[in-house]
Amino acid sequence: MWRTWILSAAMVAVAAVVLLTGAFDVTSVVTAVLLLALAWVVSPLFFPHHVDDATARRDAAARGVPVVYWRPGCTFCIRLRATVRTRARRAVWVNIWRDPAAAARVREVNGGNETVPTVFVGDVSHTNPDPRWLRGQLV
């Protein structure tokens, strides 16, 4: 669980150092604010609530929505999440670092690699899909 927060924690720490060692000039404050905003974007807080793989599959089948497998710090996952915007909550999001079964499913369809984002629509997988395509799936 610690690795999901390590990048965000490091950014918050650097922002604190910038503010505590700086002269509170405009550059220091802007740098700290940008680091804090970036820390939020790369944190799990930027993504919808995590559910385990079994629950995700069941919910997605019942609601007819995609399952998105992701991990914190993944720039492709961040791009996907940012592009679908408010529609992201319609999909089911699974953090592969928190669920070994989810990581195994991703490895199964990606030649043994934990390549994310991997999106399942039914039983069909899409590795690193075009974010606009996913946005269209979440109508």
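**Burial, exposure and helix faces in a predicted model**

A15 has its place in helix α1. The model is a predicted one, in which local features need pLDDT of at least 70, side-chain atom pairs count only at pLDDT 80 or more, and totals for chains, interfaces and linings use all residues. Residues are numbered from 1 along each chain as its sequence is written, and side-chain values use heavy atoms, with hydrogens and water left out.

Me: Why is A15 called buried?
Reply: Buried means under 20% relative accessible area, exposed over 50%, and partly exposed in between (1.4 Å probe, protein chains only). A15 has a relative accessible area of 2%, so A15 is buried.

Me: Which residues does A15 touch, not counting residues up to four places away in sequence?
Reply: A15 touches A32, L35 and L36; contact means heavy atoms within 4.5 Å. The C-alpha atoms of A15 and L35 are separated by 5.9 Å, although the two residues are 20 apart along the chain.

Me: What makes F24 count as exposed or buried?
Reply: The relative accessibility of F24 is 58%, and therefore F24 counts as exposed. F24 lies in the loop between α1 (6-21) and α2 (26-42).

Me: Which residues make the nonpolar surface patch?
Reply: F24, V29 and V33 make a patch of about 290 Å². Patches are made of residues with over 30% relative accessible area and no salt bridge; like charges are joined within 9 Å, nonpolar side chains (Val, Leu, Ile, Met, Phe, Trp, Tyr) within 5 Å. A salt bridge is a side-chain nitrogen of Lys or Arg within 4 Å of a carboxyl oxygen of Asp or Glu.

Me: Which residues of helix α3 are buried?
Reply: In α3 (residues 53-63) they are D53, T55, A56 and A60. They cover an arc of only 155 degrees around the axis, so they are on the same side of α3. The arc is that of the directions from the helix axis to the C-beta atoms.

Me: What covers the buried residues of α3, and what does the face turned away carry?
Reply: The cover includes β1 (67-70), β2 (92-95) and α5 (100-109). The face turned away from the buried side carries the exposed residues R58, A61 and A62.

Me: What is found at the start of α3, and what follows α3?
Reply: At the start, a side-chain oxygen of D52 comes within 3.1 Å of the backbone nitrogen of A54. G64 follows α3, with a positive phi near 70 degrees.

Conventions:
Areas by Shrake-Rupley, 256 points an atom, 1.4 Å probe, with all protein chains shown as cover. Helix = DSSP H or I, 4+ residues; strand = E, 2+ residues; numbered from the N terminus. Polar contact = N/O pair within 3.5 Å; in protein donor to acceptor, adjacent residues only side chain to side chain.
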